[in-house]
Amino acid sequence: MSQINDKLFGIHAQALGLWQKRAEVLAGNLANADTPDYKARDVDFRQALMSAGGDGKLSLAATESGHIDPASQANEQLAYRVPLQPTMDGNTVDTQMEQANFAANSVHYQASLSFITAQIHMLRTAITGGQS
């Protein structure tokens with residue numbers, strides 16, 4: 001079943017989990033913008049996908065225990081962000097940068113979701129012959 005998903009949806013099915021995890025991490029950064037000594041984190045999205053796929057072919061599907069989980073891949077890929085202007089209290093969150101990253105991440109998530117929705121619509125049309 002995982003191979004069918006990969007052929008139909010490509011990387012978008014696996015990417016959704018990583019985009020979601022990145023949104024959570026960025027939201028956490030924004031929520032802690034005023035917390036002393038809080039260090040901003042981010043998901044290295046490209047590295048998470050590469051390490052998940054190994055040979056470049058991504059076959060992520062957590063359909064059984066022991067399968068690779070995209071969310072856990074993102075956890076392993078969390079890194080501290082290099083601060084451009086750390087505050088005096090040690091906080092490294094740049095709210096403008098975090099908001100921009102959050103907005104860009106939302107666009108990527110929506111694009112992957114739109115692609116998957118279009119693929120499902122295409123399959124439904126092919127199965128029903130265009131009749132609802």
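The exercises below work through a predicted model of a protein, each with a solution in steps.

Residues are numbered from 1 along each chain as its sequence is written. Because the model is predicted, local features need pLDDT of at least 70 and side-chain atom pairs count only at pLDDT 80 or more, while totals for chains, interfaces and linings use all residues, and side-chain values use heavy atoms, with hydrogens and water left out.

**Exercise 1. State how many helices and strands the protein has, and in what order they run.**

Step 1: Helices (H or I, at least four residues) and strands (E, at least two) are taken as DSSP runs, numbered from the N terminus. Step 2: By this reading the protein has five helices and two strands, and from the N terminus on their order is α-α-β-α-α-β-α.

**Exercise 2. Find what Arg81 pairs with, and which parts of the chain are tied together.**

Step 1: A salt bridge is a side-chain nitrogen of Lys or Arg within 4 Å of a carboxyl oxygen of Asp or Glu. Step 2: The side chains of Asp42 and Arg81 meet in such a bridge, at 2.4 Å from N to O. Asp42 belongs to strand E1 (residues 41–43) and Arg81 to the loop between strand E2 (78–80) and H5, so this pair ties together parts that are 39 residues apart in sequence. Step 3: Arg81 also forms a salt bridge with Glu98, with the closest N and O atoms 2.4 Å apart; Glu98 lies in helix H5, so here the parts tied together are 17 residues apart in sequence. Step 4: Arg22, Asp42, Arg81 and Glu98 are linked in a network of salt bridges.

**Exercise 3. Decide whether Asp42, Arg81, Lys21 and Glu24 are buried or partly exposed.**

Step 1: Buried means under 20% relative accessible area, exposed over 50%, and partly exposed in between (1.4 Å probe, protein chains only). Step 2: Asp42 has a relative accessibility of 14% and is therefore buried, and Arg81, at 13%, is buried as well. Step 3: Lys21 is buried at 17%, whereas Glu24, at 44%, is partly exposed.
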